Amino acid sequence: LLYVLGNTIYTKDTILEKIWTKYLKKSGIIGIEYKAVLGVSKNELIELYTSLEELVFHKYVRCKTLLLNRVIDNSLLCDGINWETMSEVKGIRNHCLQLLLHFVFIHNEVYNSSKQELDNVLISLLEKVSDHLLCTVKQIDSFSPSGALQILIEIDFIKSTLSKYLQPDGSEIVFKQIQQLLYQWIDQDPEIIQQRKQQLTLHTQQSTIVMFSCFRFKGNIA
């Protein structure tokens, strides 16, 4: 799918324009009276390639969304954890890291075959993942303070790691809604919660710097 997407974009944006400019517009081969007619055909061809580009893009995003959603479901609904009675926060669990590793694999796939669509793919995927996280958290009827904190630190870790692809009018709003839902179950001062979150995630943040380095902003070394 990604190679089809990359080839479609390259054909539409580069090859068609080169053919039109070199052989039709400037060569003098085509009479002036026919250029307007050919221009209509060119626009129709561009629209066709644009439709193909959108079709392939959405198909790829949908396939990857289903994969990521399964990881979320396994983590929050099928891991055997009773969130209502959980008494100890375990730090960042493997399911959370697995979700982010899938983003790494997707980043690598898109970068190597359709680089121009990299940001669009990851932004779209993060939108869909944040929506699914919100829906999944809402399916859980009750949380203990530790259960809510467990999910909260993982949500914050995902949000922080993929912050480059947050959209202020989309996924960022959804992540805030998830955080607000979880904070309702934690009967502690916000500053204390923040300190606990930092303590629980510090080791994972340090040990995954290289693993998730592809998501960092350019020039961000730390």
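Let's start inside the fold: Phe-212 counts as buried because its relative accessibility is 5%, where buried means under 20% relative accessible area, exposed over 50% and partly exposed in between (1.4 Å probe, protein chains only). This is a predicted model, in which local features need pLDDT of at least 70 and side-chain atom pairs count only at pLDDT 80 or more, while totals for chains, interfaces and linings use all residues. Residues are numbered from 1 along each chain as its sequence is written, and side-chain values use heavy atoms, with hydrogens and water left out.

**The aromatic group**

Searching the whole structure turns up four aromatic pairs. For such a pair, the rings of Phe, Tyr and Trp (its six-membered ring) have centres within 6.5 Å; planes under 30 degrees apart count as stacked, over 60 as edge-to-face and the rest as tilted. Phe-157 and Phe-212 make one of them, an edge-to-face pair with 6.4 Å from centre to centre and 65 degrees between the planes. This pair ties together distant parts of the chain, since Phe-157 sits in helix α5 (residues 145-161) and Phe-212 in the segment after α7 (190-207), 55 residues apart. Both Phe-157 and Phe-212 are buried. Phe-212 also pairs with Phe-215, this time stacked, at 6.4 Å centre to centre and 25 degrees between the planes. Phe-215 counts as buried because its relative accessibility is 2%. Together with Tyr-165, the residues Phe-157, Phe-212 and Phe-215 form one aromatic cluster.

**The chain as a whole**

What is the order of the elements from the N terminus on? They run α-α-α-α-α-α-α. That gives seven helices and zero strands; these elements are DSSP runs (helices H or I, at least four residues; strands E, at least two), numbered from the N terminus. Of the 222 residues in the chain, 42% are buried. The chain exposes about 12,800 Å², and carbon and sulfur atoms supply 54% of that area; accessible areas come from the Shrake-Rupley method with a 1.4 Å probe, and for residues only the protein chains shown count as cover.

Among contacts in the chain with a separation of 6 or more, 79% are between residues 24 or more positions apart.

As for confidence, pLDDT is the predictor's own score for each residue, from 0 to 100. The chain has a mean pLDDT of 84, with 75% of its residues at 70 or more.

How many of the 17 residues of α5 are buried? The helix is mostly covered, with 15 of them buried.

Ile-153 is in α5. The C-alpha atoms of Ile-153 and Ile-92 are separated by 7.1 Å, although the two residues are 61 apart along the chain.

Glu-154 is also found in helix α5. Setting aside neighbours within four places in sequence, the contacts of Glu-154 are Ser-75, Gly-91, Ile-92, Arg-93 and Cys-96.

**Other positions**

His-102 lies in helix α3 (residues 94-113). Not counting residues up to four places away in sequence, His-102 touches Leu-67, Leu-68 and Val-71. Gly-170 belongs to the loop between α5 and α6 (171-183). The C-alpha atoms of Gly-170 and Ile-123, 47 residues apart along the chain, are 9.5 Å from each other.

| Residue | Relative accessible area | Class |
|---|---|---|
| Ile-153 | 1% | buried |
| Glu-154 | 4% | buried |
| Gly-170 | 12% | buried |
| His-102 | 15% | buried |
| Cys-214 | 23% | partly exposed |
| Cys-63 | 38% | partly exposed |

How many disulfides does the structure hold? The number is zero, with a disulfide taken as a pair of cysteine sulfur atoms within 2.5 Å.

Key. Contact = heavy atoms within 4.5 Å.
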